[in-house]
Amino acid sequence: MSSSNSNAGAGVLAFLTVAALLSPAVVSQTCKQLESIVTSSVETSLRQEIALAAGLLRIYFHDCFPNGCDASVYLKGSGTEQAMGPNLTLQPRALQLVEDIRAKVHAACGATVSCADISALATRAAVVFSGGPTYDVPTGVLDGLAPAPEPLVSVLPGPTTSSVSALKKIFSKKGLRDLADLVALSGAHTIGRAGCGFFRDRAAAGDAFGDRLAANCSRNPKLLQNLDVVTQDLFDNGYYKALVDDQGVFTSDMALFRDAGAAKIVRQFADSKDDFFEQFATSMAKLAAAPRPGGNVGEIRCSCFSRNPTNTKAIQTDVVDVAGDEGFTASA
């Protein structure tokens, strides 16, 4: 299908009727308030509950890693990613925050921005609000049409993974081939928390810190343990300083410091927050480009939690040509 219109407003209306055609240029033209809406919404929410920052980061990683950053993790219902093991503990309030922001964006601009874009922008806003670096976020990403297959979701790295070589293989398949990517993205734990069940193996390791974790959980089985025991809730390099002091909460965290190659990077980041921030920004850009089978095909959901009506056409954005006031040309 193709269409053109010399009237920009009519072009936008035609754009909306095909329900899902985006490019960075179109996003900036059709929703100039986008970033201000996202940033203000995230900042307001984090002032009330700072734990949402870690929730957004975890959701973004769990979305991007299996099948590309397509917001498929937001879909609810039987057989969706939220019903699969690694995602059973995703933070419901953080999921709802992205949906609430989508509603605000669509109220202001119409259905011109995807949940995938909003999730990416909200995650960056949370990192920055927590003290972390800003970084480029691609827009014009469509919402996926189906959940990622369970075999892909099941390979999400878990807290009990003790082998850096195994982690490297998993990351490499997602385009994150540098060891620094693995170490830097693990640094998102600087604002994370976890229940006792996630680090039971680490608490049983027999060292002083493990004993301390075990004692804390014995006193309060419902404890939410800060993953950065140096500077909680602040996005900085305290997580790496804790690893150097053998105070990583997850077995997978400590594995980084027990691997010769990764340990060098851990020490570098512990010594230099700037080095960590620079690499984190680079690695987040790589994560945003994680392979997406079939390319950028999908829709702009009217609710992040469910597919649009079945008569909505799927669109592929790499065939879009935006021509400013001359309208647009689209093919599908």
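## Disulfides and salt bridges in a predicted model

At 46% relative accessibility, Glu 35 counts as partly exposed, because a residue is called buried under 20% relative accessible area and exposed over 50%. Glu 35 belongs to a predicted model, and the side chain of Glu 35 forms a salt bridge with Arg 124, the closest N and O atoms being 3.0 Å apart. Since Glu 35 lies in helix α3 (residues 34–48) and Arg 124 in helix α6, the pair ties together parts that are 89 residues apart in sequence.

### Other salt bridges

Side chains of opposite charge can pair when their charged atoms come close. The count for this model comes to 9 salt bridges, and one of them joins Glu 99 to Arg 102, with 2.8 Å between the closest N and O atoms. Both residues sit in helix α5 (residues 92–109), where being 3 residues apart separates them by about one helical turn. Glu 99 is buried, with a relative accessible area of 10%, and Arg 102 is buried as well, at 8%.

Another salt bridge brings together the side chains of Asp 233 and Arg 193, at 2.9 Å from N to O. Asp 233 lies in the loop between β2 (224–226) and α12 (238–244), while Arg 193 is in strand β1, so this pair ties together parts that are 40 residues apart in sequence. Asp 233 has a relative accessible area of 26% and is partly exposed, and Arg 193, at 33%, is likewise counted as partly exposed. Elsewhere, salt bridges that share partners join Asp 178, Asp 181 and Lys 286 into one network.

### Disulfides

A disulfide is a covalent bond between the sulfur atoms of two cysteines. A search of the whole structure finds 4 disulfides, including the three in this table.

| Disulfide | S to S distance | Torsion about the S-S bond |
|---|---|---|
| Cys 64 and Cys 69 | 2.0 Å | about 120° |
| Cys 115 and Cys 304 | 2.2 Å | -100° |
| Cys 196 and Cys 217 | 2.1 Å | about -95° |

The torsion of about 120° is the reason why the disulfide of Cys 64 and Cys 69 is right-handed. Cys 64 has a relative accessibility of 0% and counts as buried, and Cys 69 is buried too, with a relative accessible area of 10%.

The link of Cys 115 and Cys 304, with -100° about the S-S bond, is left-handed. This pair links distant parts of the chain, for Cys 115 is in helix α6 (residues 115–129) and Cys 304 in the loop between β3 (297–298) and β4 (315–316), 189 residues apart. Both Cys 115 and Cys 304 are buried.

For Cys 196 and Cys 217, the torsion is about -95°, so their disulfide is left-handed. Cys 196 lies in the loop between β1 (193–195) and α10 (200–203), whereas Cys 217 lies in helix α11 (residues 208–219), so the pair ties together parts that are 21 residues apart in sequence. Cys 196 is buried, with a relative accessible area of 10%, and Cys 217, at 13% relative accessibility, also counts as buried.

When the bonded cysteines of the protein are numbered in sequence order, the pairing reads 1-4, 2-3, 5-8, 6-7. Cys 302 is in no disulfide, and the nearest cysteine sulfur, that of Cys 115, is 8.9 Å away. Cys 302 counts as partly exposed, at 49% relative accessibility.

Note on methods. Residues are numbered from 1 along each chain as its sequence is written. This is a predicted model: local features need pLDDT of at least 70, side-chain atom pairs count only at pLDDT 80 or more; totals for chains, interfaces and linings use all residues. Side-chain values use heavy atoms; hydrogens and water are left out. A disulfide is a pair of cysteine sulfur atoms within 2.5 Å. Buried means under 20% relative accessible area, exposed over 50%, partly exposed in between (1.4 Å probe, protein chains only). Helices (H or I, at least four residues) and strands (E, at least two) are DSSP runs, numbered from the N terminus. A salt bridge is a side-chain nitrogen of Lys or Arg within 4 Å of a carboxyl oxygen of Asp or Glu.
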